[in-house]
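Please look through the sequence and the model below before reading on.

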Amino acid sequence: MSTTLKIDNATLAGRDGYWSVAMEAGGIIDVARHLETTAQETIDAEGRLVIPGLVDGHLHLDKALLFAQHPAQTGTFQEALQETGSLKRRFTIDDIQSRARQILENEIAFGTTLMRSHVEVDLMLKLTAMEALLPLKQDYAWGLTLQLAVFAQEGITNQPGTTALLRRAMAMGGDVIGSAPYVDPNPSDNIQIIFDLAEEFDCDVDFHLDFLDDDAPLLLPIVVEETLKRGWQGRVCLGHMTKLAGLTPQTLKETAAMVSNAGISVLALPATDLYMMARKDTHNVRRGVAPIHQLMNHGVITGIATNNVQNLFTPFGDGDVLKICTLLAQTLQLGTVKNHIQCLAMATTQAAQAIGVTNYGIAPGNAADLVIVDATSASEAIGTAPVGRTTIKHGKIVSTTQMQRTFLSPEVSIKG
Ligand SMILES: [Zn+2]
């Protein structure tokens with residue numbers, strides 16, 4: 001029996017030599033040094049790096065690309081909160097969809113094959129964002145798997161009626177439930193309500209948690225307690241966790257053990273966190289990115305994600321998870337080959353596991369979701385986030401991007 005698609009001469013992160021990867025019926029069926037099997041289509045990777053499809057496990061499609069319509073005047077957190085709130089009041093289904101489509105297409109071209117987008121559900125927007133994003137799951141299923149996390153951004157206990165809206169959004173087809181407890185005057189009740197809904201809909205939980213750098217105590221112990229009490233181990237993902245950057249090594253170790261024991265995963269969002277944290281520091285400004293490499297070493301499932309793209313919370317980015325890897329490696333000072341392989345895992349297999357997907361990675365039996373990157377090693381991929389990429393989803397090539405460079409000087413001999 002011939003396979004559908006085969007890649008030959010691939011470099012795989014952390015393995016010597018060149019490899020073949022055979023795919024059939026949307027899955028990987030074989031990975032070996034050299035496969036003689038014939039395939040309907042064979043790609044010669046010519047030594048280029050093949051990685052699992054990139055995973056963007058925490059993104060806000062509904063708030064993406066707002067910066068062009070509304071540039072920052074002061075660039076403060078207060079402005080971001082206030083102005084995004086007033087922009088939200090004017091969101092329409094068409095407007096959300098047209099911005100979301102641009103990001104989804106960018107992400108597929110960059111190599112993202114799995115994504116979790118938060119979807120704001122509150123008294124202002126009601127179910128508009130859910131109505132806008134739900135059809136896009138199917139529209140883009142050819143290129144990426146999209147999970148929708150129903151998200152109470154504005155608080156719950158301070159916004160009567162929100163719980164009923166969250167319930168309706170879940171009934172419409174939400175995959176995951178979540179909130180930002182730090183904006184709620186009663187964060188503990190906020191967390192309880194989200195877990196109650198998770199039990200009601202038997203779904204995973206995703207909190208924006210312990211974001212900012214103030215002196216308020218960590219909310220993490222409350223989430224850990226609820227996770228264990230309700231048997232939700234392996235089903236809770238936390239985004240930001242910037243306050244972990246301020247813990248001493250010993251406290252971080254103890255915290256990591258607690259998080260790992262509860263089967264809770266953590267996603268760092270460095271593009272937003274670097275931009276938003278430590279705003280009161282007048283000099284020697286702190287970085288405020290969760291030390292996820294240390295958490296990973298202590299057994300926590302960790303990953304990275306883009307969070308916001310070109311809005312007031314993060315006026316930067318294009319939806320490329322590999323560029324976020326570069327940023328993370330620079331911020332956390334991750335310079336070794338081992339570190340870079342770890343960073344790639346945080347952008348692929350670990351990030352997938354963080355959002356509940358376990359059949360991910362380059363091994364037989366896993367999803368045939370891969371990216372061929374124009375680099376010859378993990379370090380080069382992390383260091384340069386190269387333009388050239390081929391995205392494979394369900395064992396089919398769904399996108400190719402190549403760099404075209406033309407020199408107009410006769411002194412330069414390189415073309416292509
Ligand atoms: Zn977020």
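What percentage of the 416 residues in the chain do buried residues make up? In this predicted model, buried residues account for 51% of the 416 residues. The points below are grouped by topic, beginning with the chain as a whole.

**The whole chain**
- The chain contains 13 helices and 16 strands, and its C-alpha trace spans about 60 × 50 × 50 Å along the principal axes.
- Because a compact globule of 416 residues would have a radius of gyration near 22 Å, the 21 Å of this chain agrees with that expectation.
- If we take the contacts between residues at least 6 apart in sequence, 76% of them join residues that are at least 24 apart.

- The chain is divided into domain 1, made of residues 3-52 together with 363-401, and domain 2, which covers residues 54-354.
- The centres of the two domains, taken over C-alpha atoms, are separated by 29 Å, and the contact takes 18 residues from domain 1 and 23 residues from domain 2.
- On the side of domain 1 that touches domain 2, the elements giving two or more residues are β5, α13 (378-384), β15 and β16.
- Of these, α13 gives the most, with 5 residues, and the residues of this side of domain 1 divide into 9 nonpolar, 6 polar and 3 charged.

- Strands of a sheet pair through backbone hydrogen bonds, and they may do so in a parallel or an antiparallel way.
- Here β15 (residues 389-393) and β16 run antiparallel and are joined by 5 bridges; as one example, the bridge partner of I392 is I397 in β16.

**Helix α10**
- In helix α10 (residues 321-331), the buried residues are V321, L322, I324, C325, L327, L328 and A329.
- An α-helix has 3.6 residues a turn, so residues three or four places apart point the same way.
- Just after α10, Q333 takes a positive phi of about 55°.

Definitions and conventions:
Residues are numbered from 1 along each chain as its sequence is written. This is a predicted model: local features need pLDDT of at least 70, side-chain atom pairs count only at pLDDT 80 or more; totals for chains, interfaces and linings use all residues. Two strands pair if DSSP finds at least two bridges between them. Helices (H or I, at least four residues) and strands (E, at least two) are DSSP runs, numbered from the N terminus. Domain bounds come from an automatic or database domain assignment. Two residues are in contact if their C-beta atoms, placed from the backbone, lie within 7 Å. Ala, Val, Leu, Ile, Met, Phe, Trp, Tyr, Cys and Pro count as nonpolar, Asp, Glu, Lys and Arg as charged, and the others, Gly among them, as polar. A residue is buried if 20 or more other C-beta atoms lie within 10 Å of its own, exposed if 12 or fewer, and partly exposed in between; C-beta atoms are placed from the backbone. The radius of gyration is taken over C-alpha atoms; the globule rule is 2.2 Å times the number of residues to the power 0.38.
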